[in-house]
Amino acid sequence: MKIITIESVAQLIQQYGLDNYIKDLMKALKRDFGRWDSFTKMPRPAMHVPGGVLELMPICDNDKYYTFKYVNCHPKNPLTGKMTVVATGQLSRIDNGYPLMFSEMTILTALRTAATSALATDLMARKNAKVVAIIGTGAQSEFQIKGLQLVRKITEVRYFDIDKKAMDKFEKNMKGMKVQLVRCKSAEEAVKGADIITVVTACKANVHVIKNAWVKEGVHINALGGDTINKTELEKSILPRSRVVVEYFDQSFIEGEIQKFSEKVARKLVYAEMHELVNGKKKGRANENEITLFDSVGIGLEDYSVLRLTYELSEKYHIGEDRNLIPSMRDPKNLMSIVRKDIK
Ligand SMILES: NC(=O)c1ccc[n+]([C@@H]2O[C@H](COP(=O)([O-])OP(=O)(O)OC[C@H]3O[C@@H](n4cnc5c(N)ncnc54)[C@H](O)[C@@H]3O)[C@@H](O)[C@H]2O)c1
């Protein structure tokens, strides 16, 4: 069984290139959203614990592979030197149930979230969108900007975080990314003049990181940090003004910005699920003045796409280690032979 560590992912990205990887991942996401009905899927089971949430994200393509991801979100973790979000995951064969790969997924989550936002932005934002505002400059932030640069000619990135050190880190990591950086003193200042607003903060509460009055016509919003019960980032009144697209209504209604509404109202508010845009059944934007909103929570299908791509590339480039996590013996019923070396 292949084990993909943090070092393996870093090696893969350095060898293959970050842009190439995100581009391939966007293609994989299009392929997988494009065959939405062929997956067995479910809203992720979440266990809420003091200070955070623990989630498991299973999905099966009914053809070759089953995947799952374990992920947490503990917004106060950075206060003790730990990340807010960490993850691990697995890819298994469905014909015999054998696991093929176990992988780190903290970096893979940042990559797949960036590729998914980029895909949504490509389908929904104005073609001439060039100014991005990013609120929350934590672990996900630079990956998000990388993704957006692949789908629009971004000239300016305006950014704000309540933590000045997180903004300093963002500035350093953005070096060489060929955009004008504008450090802002508030979220309101950051969104001024922005064509695309990416909100990616972490706070286990219903907060108004973005206020309705600041949202101008024609803007596209990627709302990523509202992704579990009682954890949202937008003022409620933004939603009825927007063309709202979610990944998977059944999960988004529990976890996304749309959780603030009754199911009846939410069903009316949501214009489409992502797969309907990918398949061309519905349009991401009706005109230049419309406000579009990708109310993202992150779904198992995106983890499936990233695990599968990582498996394929790691096979091609001989990356990762083979370890015995599954017993292998001549007689498949003789499991005891592995632990009792005294018996021949
Ligand atoms: N939708 C998805 O698929 C998806 C995937 C991954 C992460 N997420 C979510 O994205 C969020 C960010 O994740 P991360 O790994 O970057 O976390 P992080 O803790 O590294 O970064 C979050 C940043 O937000 C800042 N922040 C908090 N409240 C703020 C506010 N009111 N205004 C401005 N900045 C504020 C924090 O100071 C921090 O720097 C989390 O809420 C996480 O659950 C969503």
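This is a predicted model: local features need pLDDT of at least 70, side-chain atom pairs count only at pLDDT 80 or more; totals for chains, interfaces and linings use all residues.
Which residue in S13 is the bridge partner of Thr198? It's Asn222.

Strand S11 (residues 196–199) and strand S13 (residues 220–223) run parallel, with 4 bridges joining them. Zoom out and they belong to an open sheet of 8 strands, paired in parallel fashion and ordered S10-S9-S8-S11-S13-S17-S15-S16. Strand S10 (180–183) sits at one edge and strand S16 (270–273) at the other, so to speak: each pairs on one side only. From one strand to the next, the twist averages 20 degrees.

Now for the helix. H3 packs on this sheet, and its direction makes about 160 degrees with that of S13.

| Strand touched by H3 | Residues |
|---|---|
| S11 | 196–199 |
| S13 | 220–223 |
| S15 | 242–246 |
| S17 | 291–295 |

On to the core. The largest nonpolar core has 90 residues, and the members touching the most others are Leu25, Leu111, Val132 and Ile210.

What does Leu111 contact, once its neighbours within four places in sequence are left aside? The list is Tyr21, Ile22, Leu25, Phe143 and Val306.

Notes. Residues are numbered from 1 along each chain as its sequence is written. A nonpolar core is a set of buried Ala, Val, Leu, Ile, Met, Phe, Trp, Tyr and Cys residues joined through C-beta atoms within 7 Å. A residue is buried if 20 or more other C-beta atoms lie within 10 Å of its own, exposed if 12 or fewer, and partly exposed in between; C-beta atoms are placed from the backbone. Two residues are in contact if their C-beta atoms, placed from the backbone, lie within 7 Å. Two strands pair if DSSP finds at least two bridges between them. Helices (H or I, at least four residues) and strands (E, at least two) are DSSP runs, numbered from the N terminus. Axes are lines fitted to C-alpha atoms, for helices over the stretch in contact, and angles run from 0 to 180 degrees between N-to-C directions.
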